Amino acid sequence: MKVIVGVKRVIDYAAKVRVATNKSGVELNNVKMSLNPFCEIAVEEAIRMKEKKSASEVVVVSVGPKGATEQIRQALAMGADRGIHIQTDMRLDQELQPLAVAKLLKSVVDTEAPNVVVLGKQSIDGDCAQTGPMLASMLKWPQATFACKVDVSEDKSKFTVERETDSGTEVIEVNAPAIITADLRLNEPRYATLPNIMKAKKKKVETIDAASLGIDLAPRITVVEVNEPPARKGGIMVEDVDTLVDKLKNTAAVI
């Protein structure tokens, strides 16, 4: 069973995000970039499938600039077998939108013919959570989104997925081939060891120019302006509980 995992290069979750002076977006220069946390969970799940002998190969795919190779290498160091880099200089948090990414991933799926595609449920820059469902629609494959547990049948023809919902969790069964998107509680990603980091440098990463695929990548949404959130007002000290209750009731109007 072949598994394809989509991964995205994003601003590191611990980095301080700054709005550019021209308010066109957030500042990307001199900012630490990392593997999207939900994509990292997806990679870990695919590797675990291989360790359980459910999968025979894990292929990592990333769409982005030249620097996205770093995130592919990280996934390879975790245990993936090879990588595919669809290279484009389009801005990942604004210009390259979920519809375009889904189209690019479909071209890879058509070539690689995997049994399952595992993606993070969303990226922490755009928070769209649309790529997985769009890809499933294009391929006409079943989808199991927001997965917090995945089991593969012995004959590898079905996936039993427990998925997060607003009211708890539900368990569904989907036939292969399928799309699965990873939620936060699916697993805890491993750290890449130094020997595996060195081995990852020798693993194959195929580079494809996005323009050569003949796919319409034009954005459907235009970001007009980006602004910092309003600064929080300073708090006040109150003398006693009665004053606190009065402030909460009459000033803040929260009770």
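Figure 1. Lys106 is partly exposed at 26% relative accessibility, and Asp110 is partly exposed at 48%. Buried means under 20% relative accessible area, exposed over 50%, and partly exposed in between (1.4 Å probe, protein chains only). Helices (H or I, at least four residues) and strands (E, at least two) are DSSP runs, numbered from the N terminus. The model is predicted: local features need pLDDT of at least 70, side-chain atom pairs count only at pLDDT 80 or more, and totals for chains, interfaces and linings use all residues. Residues are numbered from 1 along each chain as its sequence is written, and side-chain values use heavy atoms, with hydrogens and water left out.

Figure 2. Helix α3 covers residues 98-112 and has 15 residues. From first C-alpha to last, α3 reaches 21 Å, close to the 21 Å expected at 1.5 Å a residue; the expected span is 1.5 Å times one less than the number of residues. Its buried residues include Pro98, Val101, Leu104, Leu105, Val108 and Glu112. Ala113, which follows α3, has a positive phi near 55 degrees.

**Figure 3. Salt bridge between Glu112 and Lys2.** The side chains of Glu112 and Lys2 meet at 2.9 Å, N to O. Glu112 lies in helix α3 and Lys2 in strand β1, so the pair ties together parts 110 residues apart in sequence. Glu112 is buried, with a relative accessible area of 12%, and Lys2 is buried at 17%.

**Figure 4. Salt bridge between Asp183 and Lys121.** The side chains of Asp183 and Lys121 meet at 3.1 Å, N to O. Asp183 is in the loop between β10 (178-182) and α5 (194-200), and Lys121 is in the loop between β6 and α4; the pair links distant parts of the chain, 62 residues apart. Both residues are buried. Elsewhere, salt bridges that share partners join Lys2, Glu57, Arg82 and Glu112 into one network.

Technical notes: Salt bridge = Lys/Arg side-chain N within 4 Å of Asp/Glu carboxyl O.
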